[in-house]
Amino acid sequence: MSEVICQTINLTKKYKDNLVLDNVNVNIKRGEIYGLIGENGAGKTTLIKIIAQLIKSTEGKIKLFGCTDENKLSKLQKNIGYTIENPALYMDMTARQNLEVIRMEKGIPGTYDIDRVLKLVNLDIRDKKKVKNFSMGMKQRLALAMALLDEPELLILDEPLNGLDPTGILELRHLLIRLNVEKGITIVLSSHILSELYKLSTCYGIMHKGKLIEEISADELDNRCKKHIFLNVSDSKLATVVLEKELAIYDYIVCSDKIIKIYSNLDECSKINSKLVLNNVLVEEISIKGDTLESYFTKVIGGATHV
Ligand SMILES: Nc1ncnc2c1ncn2[C@@H]1O[C@H](COP(=O)(O)OP(=O)(O)OP(=O)(O)O)[C@@H](O)[C@H]1O
C-alpha cells in the first residue's frame with residue numbers, strides 16, 4: 001500500500017462562531033491525484049491553506065511526510081508547491097522574470113535552471129512577451145511553474161481550471177498527468193468541473209459544510225457508479241438461483257436480502273422480470289441505475305444512501 005504523505009487528523013477551523021472545518025481527516029497517498037469536491041463554502045480552500053501552512057487550524061493536526069512536529073513542519077513546506085486563489089503575477093514582466101523573482105524570494109540558488117521549469121509547463125523559454133499579454137492558460141501554466149520551482153513532491157492546486165477554455169483545460173489536464181506520471185508528483189486539486197476532475201483523479205475527497213463526507217478511490221467510485229440492473233425482490237437468495245439456473249447470469253452482487261445488482265444483460269430487464277415472477281420471486285423494482293461523478297456527488301451530499 002502506498003505511503004500516506006499528507007494526513008489531517010481531526011482538523012477543525014473556526015472563524016469566530018463559524019465552524020468552517022469540522023474534524024476533517026484526509027489521507028493523501030504518494031502518487032495520487034486527489035480531487036477535492038464540494039459546493040461553494042464547503043471548506044476546500046481552507047483545508048488546502050492549512051495543508052500548505054498558510055493558515056493555522058483551530059484544533060487538530062496535520063501530518064506531512066510522516067511528521068507531525070510543528071517545529072519541523074515548516075521546513076517541509078519546501079516539499080509542497082501550491083497555487084491558491086489568484087497567484088500574484090507581475091504583469092509587466094516576462095514569465096522568466098516572474099520566475100526569477102520567486103526564485104529569489106524562496107532563496108533558491110541562482111544556478112537553478114529556470115528553463116527546465118518553463119519547459120516542464122510548455123512555456124516558450126525565449127518568449128519576451130509580458131504576462132499582461134498572456135492567455136489565461138499561459139498564466140495558469142506560469143503559476144504552475146512557480147509552484148514547481150522548488151521541485152515539490154506534493155502539488156496543491158485550488159481551482160486550477162478556473163477561467164480556462166476547453167483547449168486550456170485539455171492542455172492543463174495533459175500537463176498534470178505528465179507531472180504525476182513522469183515526475184511522480186502527488187497532486188491535490190479542487191474544481192467545480194466534476195467531469196474534468198473525473199478524468200484526472202485517482203481518489204476523491206468529498207466535502208460538505210466543513211465535513212469530509214467521503215474519501216473514495218477512483219476504482220471504488222467506478223464500481224459504485226457502474227451501470228447495472230437494480231433489482232428489489234422479495235427474496236434475493238431465491239432470485240440468484242433463478243438468475244443462474246434459468247438465465248445463466250453470474251455477474252451480479254447481492255447487496256441485501258432484497259437488493260441485487262446485475263452488471264451484465266443490461267438490455268434484458270423484461271426477460272429477467274418475467275423469469276423471476278414465473279419462479280415465485282416478487283419483483284418490486286427492476287431498473288437500470290448508474291451514476292456520473294456529478295450525480296454521485298449530489299447523492300452523497302444529499303444524504304441519500306447507496307443501494
Ligand atoms: N478569513 C476568513 N474569515 C472568515 N471566514 C472565512 C475566511 N476564509 C473563509 N471563510 C469562510 O469559510 C467557509 C469556507 O470557505 P472556503 O473558501 O474554504 O470554501 P470553498 O469550499 O473553497 O468554497 P469555493 O468553492 O467557493 O471556493 C466560507 O463560509 C467562508 O466564508
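Predicted model: local features only at pLDDT ≥ 70, side-chain atom pairs only at ≥ 80, totals over all residues.
Is Ala-248 buried or exposed, and how many C-beta neighbours does Ala-248 have inside 10 Å? Ala-248 has 9 of them, so Ala-248 counts as exposed. The cut-off for exposed is 12 or fewer.

Where does Ala-248 lie? In the loop between α9, residues 236-247, and β12, residues 252-254.

Lys-16 is the next residue to look at. Here phi is about 50 degrees, again positive, and again the residue is not a glycine. Lys-16 sits in the loop that links β1 (4-15) and β2 (18-24). Inside 10 Å, Lys-16 has 5 C-beta neighbours, so Lys-16 counts as exposed.

Now the overall picture. The protein chain has 307 residues, and 33% of them count as buried. I count eleven helices and 14 strands in the chain. Along the principal axes, the C-alpha atoms fill a box of roughly 80 × 45 × 35 Å. Next, contacts. Take those between residues at least 6 apart in sequence: 69% join residues at least 24 apart.

The largest nonpolar core has 60 residues. Which residues have the most contacts inside it? Ala-145, Leu-155, Ile-156, Ile-187 and Val-188. Helix α5 gives the most to this core, with eight residues.

Take Val-188 as an example. Leave out residues up to four places away in sequence. Val-188 then touches Ile-28, Tyr-34, Leu-36, Ile-48 and Ile-156. There is also a second, separate core, with 13 residues. That second core includes Val-242, Tyr-252, Leu-276 and Val-281.

Last topic: helix packing. Two packed helices are described by the angle between their axes and the distance between the axes. Our pair is α5, residues 136-148, and α6, residues 166-183. Their axes come within 9 Å and cross at roughly 25 degrees. Angles under 35 degrees count as roughly parallel. Therefore α5 and α6 are roughly parallel to each other. The crossing of α5 and α6 is right-handed.

Which residues make the contact? From α5, Met-136, Gly-137 and Gln-140. From α6, Gly-168, Glu-171 and Leu-172. By class, this contact of α5 with α6 has two nonpolar, three polar and one charged residues.

Technical notes: Residues numbered from 1 in each chain as written. Axes fitted to C-alpha atoms, helices over the stretch in contact; angles between N-to-C directions. Helix = DSSP H or I, 4+ residues; strand = E, 2+ residues; numbered from the N terminus. Parallel < 35°, antiparallel > 145°, perpendicular 65-115°, else oblique. Left-handed = near helix turned anticlockwise from the far one by under 90°. Contact = placed C-beta atoms within 7 Å. Nonpolar A, V, L, I, M, F, W, Y, C, P; charged D, E, K, R; others polar. Core = buried A, V, L, I, M, F, W, Y, C linked by C-beta atoms within 7 Å. Buried ≥ 20, exposed ≤ 12 C-beta atoms within 10 Å, placed from the backbone.
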